Amino acid sequence: MAMKLDSEAMRTAFPALTVGDLMQTRVHTASPDDTLAHVHRQMRMSGFRHLPVVDGDRLVGVISDRNILLAWARGAETPVRDFMTRYTEWVHPEMLAKEAAARMIHDKIGSLVVVDRAQRVVGIITETDFLRLAHRALIIQEAASQEEG
């Protein structure tokens, strides 16, 4: 039977992780003037499923692969501003990762855009980042149980 990590082992393996510890800093962005066809191509080529939408340096929205799917009926030349999610959730790099995860779970969203104090996009944290963390925790738990057994 696998050993469960106690709270001390978890604190040692995963100290107070922040969004900055887990976020992706290589972020592709879109402009409100970009077309559906352009951002679809950009997402396909980059492998990203979420793109922050910026107007200059200012975050104005986000596009997900779901937005793309729903917007096709409007036509390939539809501007991003017409189908992006405007009331975008964002966080700062210093936020505890557990708080960001709780917000994503509660709001049923797949990503949070990370902004600095000047509200410039500096990263993005997604469900995949949290799955990577869970995977690491499972590997650590397995290693600990093998040491015990």
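**Entry 1: helix α3**

I looked up what the buried residues of α3 pack against, and found β1 (50-55), β2 (58-64) and α4. Contact here means heavy atoms within 4.5 Å. The model is a predicted one, in which local features need pLDDT of at least 70 and side-chain atom pairs count only at pLDDT 80 or more, while totals for chains, interfaces and linings use all residues. Residues are numbered from 1 along each chain as its sequence is written, and side-chain values use heavy atoms, with hydrogens and water left out.

Helix α3 covers residues 36-46, and I noted Leu-36, Ala-37, Val-39, Gln-42, Met-43 and Ser-46 as buried. Buried means under 20% relative accessible area, exposed over 50%, and partly exposed in between, with a 1.4 Å probe and protein chains only. An α-helix has 3.6 residues a turn, so residues three or four places apart point the same way. After α3 comes Gly-47, with a positive phi near 80 degrees. Helices (H or I, at least four residues) and strands (E, at least two) are DSSP runs, numbered from the N terminus.

**Entry 2**

I then followed β1, where five of the six residues are buried. Strands β1 and β2 pair in the antiparallel sense over six bridges; two strands pair if DSSP finds at least two bridges between them. I checked Val-54 and found its bridge partner in β2 to be Leu-59. Two residues lie between the strands of this hairpin, and Gly-56 in the turn has a positive phi of about 70 degrees.

**Entry 3: the three-stranded sheet**

I recorded an open sheet of three strands in the order β3-β4-β5, with mixed pairing. Its edge strands are β3 and β5 (121-126), each pairing on one side only. Strands β4 and β5 run antiparallel and are joined by five bridges. In β5, Val-121 is the bridge partner of Val-115. Helix α5 packs on the sheet and touches β3, β4 and β5, its direction making about 135 degrees with that of β4. Axes are lines fitted to C-alpha atoms, for helices over the stretch in contact, and angles run from 0 to 180 degrees between N-to-C directions. The hairpin of β4 and β5 has five residues between the strands, where Gln-119 takes a positive phi near 65 degrees.

**Entry 4: the nonpolar cores**

Which residues touch the most other members of the largest nonpolar core? I found Val-19, Leu-22, Ile-125 and Phe-130, out of 15 residues. A nonpolar core is a set of buried Ala, Val, Leu, Ile, Met, Phe, Trp, Tyr and Cys residues joined through side-chain atoms within 4.5 Å. At least two residues each come from α2 (19-22), α5 (97-107), β4 (111-115) and α6 (127-148). Helix α5 gives the largest share, four residues. Apart from this core lies another, of 13 residues, including Val-80 and Phe-83.

**Entry 5: Thr-78**

Lastly I located Thr-78 in the loop between α4 (65-71) and β3 (90-91). Is Thr-78 buried or exposed? It counts as buried because its relative accessibility is 7%. Its side chain reaches the backbone oxygen of Gly-75 at 2.7 Å. Leaving aside neighbours within four places in sequence, I listed Asp-34, Thr-35, Leu-36 and Phe-83 as the contacts of Thr-78.

Note on methods
Polar contact = N/O pair within 3.5 Å; in protein donor to acceptor, adjacent residues only side chain to side chain.
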